[in-house]
Amino acid sequence: MHPWWIEDATDEHLWLLEQFAAEEPLVAIGEIGIDGAIDDLDKQSHYFGAQLTIANNQQLPVVIHHRKSHHLITPKLKQAKVTHGGVIHAFSGNYQQAMTYIDMGFKLGIGGTITYERAAKTRDAVSKIPIEAIVLETDAPALPLNGFQGKHNSPEQLPRVLTSLAELRQQDEVDLAKQIEMNVEQVFKLTQFNSEVSAQLTA
């Protein structure tokens with residue numbers, strides 16, 4: 001239940017989500033979060049907290065949406081004591097904010113933001129944080145990379161994000177790619193998920 005659509009949400013939707021999460025194979029709950037650029041932060045906070053509880057109950061990671069809301073999200077995550085971590089989607093904060101999430105067991109979704117030189121605080125953070133805390137993303141079709149403004153974004157741009165990351169960290173692209181694949185596996189447990197789904201399909 002994305003914060004953009006919380007205005008129309010009811011507790012029945014929470015019940016349906018919990019039932020769905022209990023019955024269907026899932027890798028995560030998300031995107032959920034708080035968007036400081038839209039109204040009714042109290043309602044957003046309520047539904048965010050409720051969905052964190054659902055994720056904990058189902059032993060699932062979460063994918064977190066944020067916009068002008070790090071100061072609202074981190075207390076909710078600490079209060080919920082998220083058990084299986086997750087990903088901070090489209091991270092665009094500074095080093096201190098990055099380490100706060102990492103210390104809570106989260107990985108940071110890094111995308112086209114780091115291709116813009118003006119994103120100095122995020123580029124600085126990404127150059128310093130542990131590589132074990134990074135996953136790559138594009139947010140396609142949104143958030144185009146530098147040089148592609150005004151165009152639809154695509155997962156095909158991931159190699160360009162990787163190149164920018166390697167340049168910022170002064171590390172080999174292949175080594176980074178291998179570690180990031182392990183990071184994705186760690187947070188979403190895709191191998192286990194695929195095995196469970198295959199078993200269900202052949203049962």
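1. Strand E2 (residues 62–67) is largely enclosed by the rest of the structure, because five of its six residues are buried; buried means under 20% relative accessible area, with a 1.4 Å probe and protein chains only. Strands (E, at least two residues) and helices (H or I, at least four) are DSSP runs, numbered from the N terminus.

2. This is a predicted model, in which local features need pLDDT of at least 70, side-chain atom pairs count only at pLDDT 80 or more, and totals for chains, interfaces and linings use all residues. Residues are numbered from 1 along each chain as its sequence is written, and side-chain values use heavy atoms, without hydrogens and water.

3. E2 pairs with strand E1 (residues 29–35) in the parallel sense over six bridges; two strands pair if DSSP finds at least two bridges between them. Gly 30 has Val 63 in E2 as its bridge partner. From E1 the chain reaches E2 through helix H2 (residues 41–57), in a right-handed β-α-β crossover. Right-handed means that, with the strands pointing away from the viewer, the path from the first strand over the helix to the second runs clockwise.

4. E2 also pairs with strand E3 (residues 86–88), in the parallel sense over three bridges. Val 62 is opposite Gly 86 in E3. Helix H3 (residues 70–80) carries the chain from E2 to E3, and this β-α-β crossover is right-handed.

5. In H7 (residues 173–188), Val 184, Glu 185 and Phe 188 meet Leu 190, Thr 191 and Gln 192 in H8; contact means heavy atoms within 4.5 Å.

Notes
Buried < 20%, exposed > 50% of the residue type's maximum accessible area, 1.4 Å probe, protein only.
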